[in-house]
Amino acid sequence: MSFHASLRSAAQMLFQRIEEFFDRFFGGSSNPLRHLGAMGLYFLWIIVGTGLYLYSVLDTSINGVYNSIGHLTREQWYLGGVLRSLHRYASDAFILVMALHLVREWAYGRYYGFRFYSWVTGVPILWLSYVSGISGYWIVWDRLAQFSAIASTELLDWLPIFSEPAARNFLSPDALNDRFFTMLVFIHLGIPLMLILGLWAHVHRISRVDYLPSRQMMLGTLATLLALALTKPALSDAPADLAMVSTQLRLDWFLLFIHPLTDVASPAMVWSMLIAATALLFILPFLPHPKAEPVALVDQANCNGCSRCLADCPFAAITMAPHPSRPGYKIAIVAADLCAGCGICAGSCPSSTPFRSQERLVTGIDMPQLSVNDLRQQLEAKLSRLGGRSRIVVFGCSHGAKINALSSTDTAVISLACTAALPPAFVEYALRGGADGVMLASCRSGGCHYRLGERWTDERLNGRREPRLRSKVPLSRVHHLFASDNDNKLLAEALKTFRNRIENQQADDDPLPPYFRRNSYHA
Ligand code: HEM
Ligand code: SF4
Ligand code: SF4
């Protein structure tokens, strides 16, 4: 294993462990580590909302800005002061969640193949976020602003872009004027606008984007930010004075770490590090990585244009076009470069029902690696070999709990790319074909490798999403477990409890309804 692969797998293990620890307190849907992108967007809305208020009340001239911010912080502490603090703390939080989001996506290997676009559009966001954040500190025009402005321009002067050194602007108090400040405000408003555009590009090629965290997360986060704003309000340093050099400053390490770094290294070293880090992020998707999964294939004759696959595809890889041979009908089209090979579309297609009498089951959209026909054959073969008092079929996914360890004479296991690749009719098919119970082991909530699989599976089984598990199927014979590949114990216990439940039902003379009388799919 290469150094990069070992580092990534160690980082993944660490992330996974911490996420699973957080699950105990927050649950999957409110686990901040599983919703870092949504947290980032939430912080951005707080920054934009509070920033608009600050912009509307501040005097943004060079002589007025310091006093007007001070006045707002002191005299209107309950509103302006709190909003100022929220603006500052939400900016720090934005940077923190962005960094964690980046490292997490890398750690889980989500930066190449069909995720290439999301990854590369994320890189400019890093730059835009830092430039907006740093320029925000300048607007206050206190000693910290002065220090950051001089340090930043000195750093910029190292690049051959200005004919005259930009740091000269700060040599004497009269070198600065309102025009400089107007430009600053323009930068501090313009770059966040570019950032919002960048974020739109970042997510527009995936579907059902996690735009906002859960209500619980939003309220908890807002309460924490408010508590910080009230107990440790954002304050200005002494007013900027270009005749003086500041020595004692309260640095914001999230946004301004670049200045002490330049002090200990050198502008040349800092630029080399920044350029190398950016280049590395752009190069990462081109490094050798596991072979891509084959993409979904549409079968013209079996696609009726219902659009269910389009609704369920997590990566917006499907579009609908006029059917080439059936006028008035549509057909699904798969964009190969966006397709993750997850099979969720095959699980959603109405033609994927195993009850169809075709000897070779051909569905509307299918996966070459495990077709719906292969799945039916595999299930039938395993059902025919099952024995014991309670026969259970376990469907799992290749990124979640390790279901193979459960395989035994009374337990058949079938692994798919994602549990949502299983058409729900297969659950009924298994029960009618000899199984006493069916267990599905999806990833932990919010932890699906293909973003939405565990959610779709749950909604389909509970009749909230097409294709639904038919209401005739007794839910007491179906168990949906959410587990990760660390949850071996949980998995084994869930199977044991499920088996006990089924055996108790059988002992209570509560068999499957006659409709589910045992069929043998084998002659
Ligand atoms: C604070 C800035 C950022 C915000 C607010 C943000 C937001 C988001 C959101 C909301 C998603 C969709 C998540 C989902 O619905 O499953 C996402 C996905 C993604 N982001 Fe970011 N992002 C940011 C920065 C970055 C950066 C810097 C990178 C890496 C260079 C990055 C890489 C990715 C990748 C690879 C995905 C795709 C995840 C997947 O397909 O499962 N993001 N981001
Ligand atoms: S395999 Fe997954 S990503 Fe590809 S088209 Fe189907 S649902 Fe979309
Ligand atoms: S779900 Fe199946 S039938 Fe419906 S549009 Fe997609 S491929 Fe065609």
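Which residues come nearest to ligand 2? Of the 14 around ligand 2, they are Cys 313, Cys 339, Ala 340, Cys 342 and Cys 345; near means a heavy atom within 4 Å. By class, the shell around ligand 2 has 12 nonpolar, 2 polar and no charged residues. Nonpolar covers Ala, Val, Leu, Ile, Met, Phe, Trp, Tyr, Cys and Pro, charged covers Asp, Glu, Lys and Arg, and the others, Gly among them, are polar.

A word on the source. This is a predicted model, where local features need pLDDT of at least 70 and side-chain atom pairs pLDDT 80 or more, while totals for chains, interfaces and linings use all residues. Residues are numbered from 1 along each chain as written, chains are lettered from A and ligands numbered from 1 in written order, and side-chain values use heavy atoms, without hydrogens and water.

Next, the sheet. It is open, with 4 strands in the order β6-β5-β7-β8 and parallel pairing; pairing takes at least two DSSP bridges, and strands are DSSP runs of E, at least two residues, with helices being H or I, at least four, numbered from the N terminus. β6 (411-416) and β8 (478-482) are the edges, each with a single partner strand, so one side of each has no neighbour in the sheet. Strand β5 (residues 392-397) is joined to β6 by 6 bridges, and Val 393 stands opposite Ala 412 in β6. Helix α13 (residues 372-385) packs on the sheet and touches β5 and β6, contact being heavy atoms within 4.5 Å. Its direction makes about 165 degrees with that of β6, on a scale from 0 to 180 degrees between N-to-C directions of axes fitted to C-alpha atoms, for helices over the stretch in contact.
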